[in-house]
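Please consult the sequence and the model alongside the text.

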Amino acid sequence: MQDKQELEVGSRAPVSKLEVSQAFPQSTETEKLRDPPQITAYIKQRQNAALIIAPGSPQAALTGFCDSMDALLTAAAPRMNHIYSTAVITASMHTWGAVRGKLTEPTSLRERLKTLHERCVRHLQSQLAHMSAREISSVLLASAGLGWSPDAVVPGMVQALTVRLLQPHEVGQEIQRPTARDYADLLSALSALENPARPAATSEMVDSIALHFAHLTQHPDIGQHPGARSCANFLQAFAKLKHTAATAELVDSVSLCFARLVASANAKHRPLAQDVAGVLWTLGTMKHTPDRRLLGGFCAYMQTLYRSRDEEACPSARDTANMFWGLAQLGHAPSHGVVSAMLHHLVALCQTQELQPRAQYISMCFLACAELCLAMHPAELRILFRHLLGLHVSKVDIQQYSNVAWSLAVMGRLQISMFEALLQQLATKHKLLLGQHGMSARPALKEARQLHQALEWLKPAQGSDRMKAWLNLCSKLQAVAPKVQAQAFSPPGQAEMLAALAKQNLLYKLQVPFGVYQADAVLYPHHSNGAEVLLMLERPNEYIINLPKRVRGRAAFRRKMLGRYGTVVTIPYKQGHSSVESMAGVPFAVLSQLVPAAMQLLPHHLGRRVLHVAGAGPRLWVWSPPGCPANLAECHPCFRNKALLQWCKARHIHVTAYSPLGSPDCAFTFRGKAPLLMQDPTVTAIADRLSCSPAQVLIRWSFQHRTSVLPKSTSAERIKEAFNFAAVCTHNNTCLSVM
């Protein structure tokens with residue numbers, strides 16, 4: 001029978017023609033619509049009918065909706081105003097969201113929907129002065145959801161709507177101002193409509209919206225504050241727009257407002273789990289770290305939601321993944337209780353058929369645990385890993401497989417069998433894409449590097465029984481993802497470090513690859529029996545912000561992998577201190593503390609070179625042969641080095657002064673132009689009074705301070721003159737005390 005004929009097969013039961021005709025009556029029904037409430041109710045009714053039919057027959061749902069709206073715009077054209085046009089655009093957005101991705105022939109219906117949108121936008125052009133703030137934000141937000149900018153229909157329409165929204169509206173005798181929701185929806189729409197070739201919003205417009213919204217966050221009454229959803233949407237839109245108005249003060253103001261809602265005693269003000277996760281995700285995207293107490297409050301609040309028995313309040317898998325990812329980007333490690341609650345909830349969702357997490361969410365959680373060095377129970381790790389492998393390869397991206405492999409290696413939990421299973425999935429994915437689309441599924445550069453880093457972690461010691469299995473994995477991985485060279489990168493402070501190394505005449509090489517990583521510099525020994533020292537400059541934000549002594553997983557894994565090839569010395573990153581003087585001795589300072597093994601390396605790298613030490617304690621350090629404790633340091637009247645002399649004297653270490661005649665080529669030591677000691681007025685006056693040369697005076701000064709000297713000269717006469725320093729002032733050893 002005709003009423004039982006199936007239109008199409010959807011995810012639910014197919015819908016018959018009779019049901020479609022009942023849901024969408026003939027167009028003659030629109031001629032009976034006279035009153036405004038009837039028109040509004042009619043639009044809402046057709047939207048609900050389309051949403052009901054869409055799961056089973058999306059083609060019929062969108063066709064019936066377009067037919068109804070076309071008939072309405074034609075029959076009720078004389079009575080149409082801005083309210084009905086706004087309702088049609090909003091209903092079109094909801095209907096398209098229900099059928100998107102499910103249509104067999106979306107082009108023709110998409111064009112019909114676009115025609116509806118254009119007719120309504122043109123009608124709104126003449127009704128702009130009568131539109132309220134809520135209608136304007138709804139039109140722009142619905143247009144963004146449909147993927148069409150009103151500017152494509154009427155040039156300048158977006159800016160005209162925005163200017164109208166920012167103006168106060170007169171309703172009767174009262175002045176109606178936009179609410180926080182209006183500002184947030186407007187900014188969300190502008191961020192979705194943003195086009196580099198034709199920007200939807202100017203910087204001035206975004207600044208004005210941001211200032212209005214920030215003003216609402218300062219209201220003393222929390223009931224007048226923007227809602228949690230408005231704060232979350234505002235921050236997300238601001239992160240997408242990337243305008244200069246996104247100052248730290250503005251983001252902090254909105255974050256603090258959101259924190260007040262989290263701590264509110266009124267349950268209706270508290271945010272949902274998706275709002276908290278969205279705020280953390282946005283802050284992580286913006287790389288803006290708020291006060292640690294705010295982040296701790298967000299985590300504690302989410303922990304209460306995980307413990308809640310209300311299924312609607314409990315976070316979803318997406319919320320959990322967004323929270324994990326945001327905290328990882330911010331470098332904030334949640335407490336053990338919060339981590340346990342998040343992982344336990346995610347594992348429980350894996351065992352629920354309707355709420356199983358996607359591969360993307362599993363990947364994000366693994367990455368966060370690896371980056372923040374969070375402990376994951378072996379049983380939870382095993383369940384999440386098996387769930388990922390159990391998903392069909394068409395639902396998993398190559399990046400997600402590589403992220404999980406790399407994360408397991410960073411956490412030290414990767415095994416050869418696990419890596420082999422991931423490689424098998426990658427090979428299946430490659431065959432699937434190659435057969436369906438004729439395209440290669442080789443991992444991109446980043447994913448290939450992650451896979452090789454994970455495999456490098458699995459490398460056993462030479463002669464191990466597992467070496468054969470590891471080499472087999474290497475050949476399999478090479479077929480799927482060819483090995484790539486370590487990424488060249490110049491970290492902050494590299495130029496200063498190299499200048500310091502060159503100043504000391506040390507043998508080094510820049511950016512030397514070791515396996516899948518590379519050292520920023522390598523010190524080579526002067527002697528054949530010395531070992532190489534790998535220098536690593538710390539990158540910014542390598543430490544967890546709430547645990548300053550804990551290095552993030554990415555940096556710790558790099559140090560661990562480079563440590564297989566030699567002694568790794570980490571140079572602390574000090575932002576704002578980029579001079580040669582501040583950077584010169586950092587690697588040696590750290591190296592000198594690695595006793596006794598490191599001290600055995602120093603002679604082979606430095607010989608009798610100068611070794612700078614930054615910070616407290618001695619300024620200069622040098623190795624000397626065993627049995628002759630001595631220290632070589634620059635010392636002269638303009639650079640007395642008192643701290644070092646006292647430190648060596650307390651440890652019965654003799655000091656040999658180099659450059660006793662001054663070092664005019666070491667201007668950095670004096671933060672400016674170096675003094676010329678040989679021409680110093682005091683030195684020349686003493687030399688004239690004692691009938692000797694300035695060099696003899698300076699050498700005698702060093703001996704009176706109980707330091708031996710290493711003067712330098714290319715003249716034979718001056719060398720002989722230097723050896724005659726003992727004749728200077730032998731009758732009075734205190735004559736040079738004025739210096």
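Ring pairs link W406, W457, Y517 and F557 into a cluster; rings of Phe, Tyr and Trp (its six-membered ring) pair if their centres lie within 6.5 Å, with planes under 30 degrees apart counted as stacked, over 60 as edge-to-face and the rest as tilted. The model is predicted: local features need pLDDT of at least 70, side-chain atom pairs count only at pLDDT 80 or more, and totals for chains, interfaces and linings use all residues. Residues are numbered from 1 along each chain as its sequence is written, and side-chain values use heavy atoms, leaving out hydrogens and water.

**Aromatic rings**
- Eight aromatic pairs are found in a search of the whole structure.
- The pair of W406 and F557 is edge-to-face, because the ring centres are 6.3 Å apart and the planes stand at 75 degrees.
- W457 and F557 form a tilted pair, with 6.2 Å centre to centre and 50 degrees between the planes.
- F557 has 1% relative accessibility and therefore counts as buried (under 20% relative accessible area; exposed is over 50%, partly exposed in between, with a 1.4 Å probe and protein chains only).
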